[in-house]
Amino acid sequence: MCMVIFAPIFAICAFATCGGYYGHLQVKVDCAARRHNNVSINIDFGYPFRLRQVYFKAPLCEAKREEIVFLNGDFSASAQFFVTVGVLAFLYSLLATIVYVFYQNKYLKNNRGPLVDFLVTVTFSLTWLLSSCCWAKSLTEIKTATNPTEVLLLISACREKENRCAATQEPFWSRLNTSAVFGFVNVILWSGNIWFVFKETGWYKTGQRYPSRTSSRKRSSEMRERLYSESSFDQPDDNFGPFTQDSFTEPRGDFDKQVQRQASINQSQVSFSLPETYLGKSVVYERENKIASQGPVIFVNEM
């Protein structure tokens with residue numbers, strides 16, 4: 001939604017400030033021979049910045065004639081690439097706005113719309129980055145090529161020390177600087193929108209529905225550790241006799257000693273009866289004096 005609102009605006013600002021630029025440079029030539037005094041030369045240039053095709057006429061102080069001087073450099077490739085990316089991004093943003101508002105159901109159908117939108121958004125992010133970097137570099141070279149000092153060196157009369165040359169008007173670069181800034185703003189805007197578009201794709205939803213194996217293994221190991229830290233048996237019901245959970249958690253050595261001690265006591269009396277196995281019931285040892293003692297309980301679980 002953020003891209004739908006701001007992407008068309010910043011795209012227009014980017015290609016409009018670059019494509020509609022018009023620069024003007026004015027220099028003055030004053031010959032020492034007084035044949036050409038205070039001659040003003042106007043130099044105009046603009047988009048697409050083919051400076052090699054920009055020329056002007058400069059006086060020759062030795063004779064009453066003029067020479068044709070061309071500027072240096074051709075920066076049309078980077079400038080046109082930057083403007084083309086801006087125009088295409090503007091058109092796609094308008095199309096995406098229409099789809100989001102009026103065709104939301106068809107956009108989400110079969111997951112094709114989000115996938116196409118994701119791929120296009122990644123492509124525009126990369127192209128904005130590439131075009132903005134190229135245009136920023138070319139802008140620096142344009143400023144150097146149209147620098148009054150460099151332009152005066154191209155004039156034959158200005159290379160002679162007795163003649164006086166100066167720049168009376170320099171081009172304004174604020175508009176082109178703004179275009180470069182808007183280019184990098186679009187890079188940030190489109191790159192940030194990748195995450196929001198990715199959340200609408202099936203790749204993100206599949207990852208949320210099926211967690212990774214690493215996380216599941218981690219949870220299973222934590223569950224095992226928790227089970228080992230707790231008691232190995234729960235407390236039995238009241239139907240199983242007066243035994244408590246502590247009787248099941250005693251160490252094996254203490255349990256064996258208790259069995260041997262109980263057997264010796266029963267042998268010292270009159271009789272000893274072996275414990276019988278019951279399912280879930282306690283075993284009682286009887287003596288002649290009718291004194292009942294509790295014996296070990298053996299549980300048999302059917303497989």
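**Note on the predicted model**

1. Ile-98, Val-101, Phe-102 and Tyr-103 make up a nonpolar surface patch with about 440 Å² of accessible area together. Such a patch is built from residues with over 30% relative accessible area and no salt bridge, with nonpolar side chains (Val, Leu, Ile, Met, Phe, Trp, Tyr) joined within 5 Å and like charges within 9 Å. A salt bridge is a side-chain nitrogen of Lys or Arg within 4 Å of a carboxyl oxygen of Asp or Glu. Areas come from the Shrake-Rupley method with a 1.4 Å probe, and for residues only the protein chains shown count as cover.

2. This is a predicted model, in which local features need pLDDT of at least 70 and side-chain atom pairs count only at pLDDT 80 or more, while totals for chains, interfaces and linings use all residues. Residues are numbered from 1 along each chain as its sequence is written, and side-chain values use heavy atoms, leaving out hydrogens and water.

3. Ile-98 belongs to helix H2; helices (H or I, at least four residues) and strands (E, at least two) are DSSP runs numbered from the N terminus. Ile-98 counts as partly exposed because its relative accessibility is 43%. The cut-offs are under 20% for buried and over 50% for exposed, with partly exposed in between (1.4 Å probe, protein chains only).

4. The largest nonpolar core has 50 residues. A core here is a set of buried Ala, Val, Leu, Ile, Met, Phe, Trp, Tyr and Cys residues joined through side-chain atoms within 4.5 Å. H2 gives the largest share of this core, nine residues. Among the residues with the most contacts inside the core are Phe-49, Trp-128 and Ile-155. In soluble globular proteins, nonpolar side chains tend to be buried together.

5. Ile-155 touches Val-27, Val-29, Ile-41, Phe-56, Ala-58 and Glu-67, leaving aside residues up to four places away in sequence. Contact means heavy atoms within 4.5 Å.

6. What joins Tyr-47 and Pro-48? The link is a cis peptide bond, with omega about 10°. Pro-48 sits in the loop between S2 and S3, and Phe-49 is found in the loop between S2 and S3. Phe-49 has a positive phi of about 65° although it is not a glycine. Most residues other than glycine have a negative phi, and most peptide bonds are trans. Phe-49 counts as buried because its relative accessibility is 0%.

7. Cys-158 lies in the loop between helix H5 (148-154) and strand S5 (164-169). With a relative accessible area of 16%, Cys-158 is buried. Not counting residues up to four places away in sequence, Cys-158 touches Val-29, Leu-152 and Cys-165. The C-alpha atoms of Cys-158 and Asp-30 are separated by 8.8 Å, with the two residues 128 residues apart along the chain.
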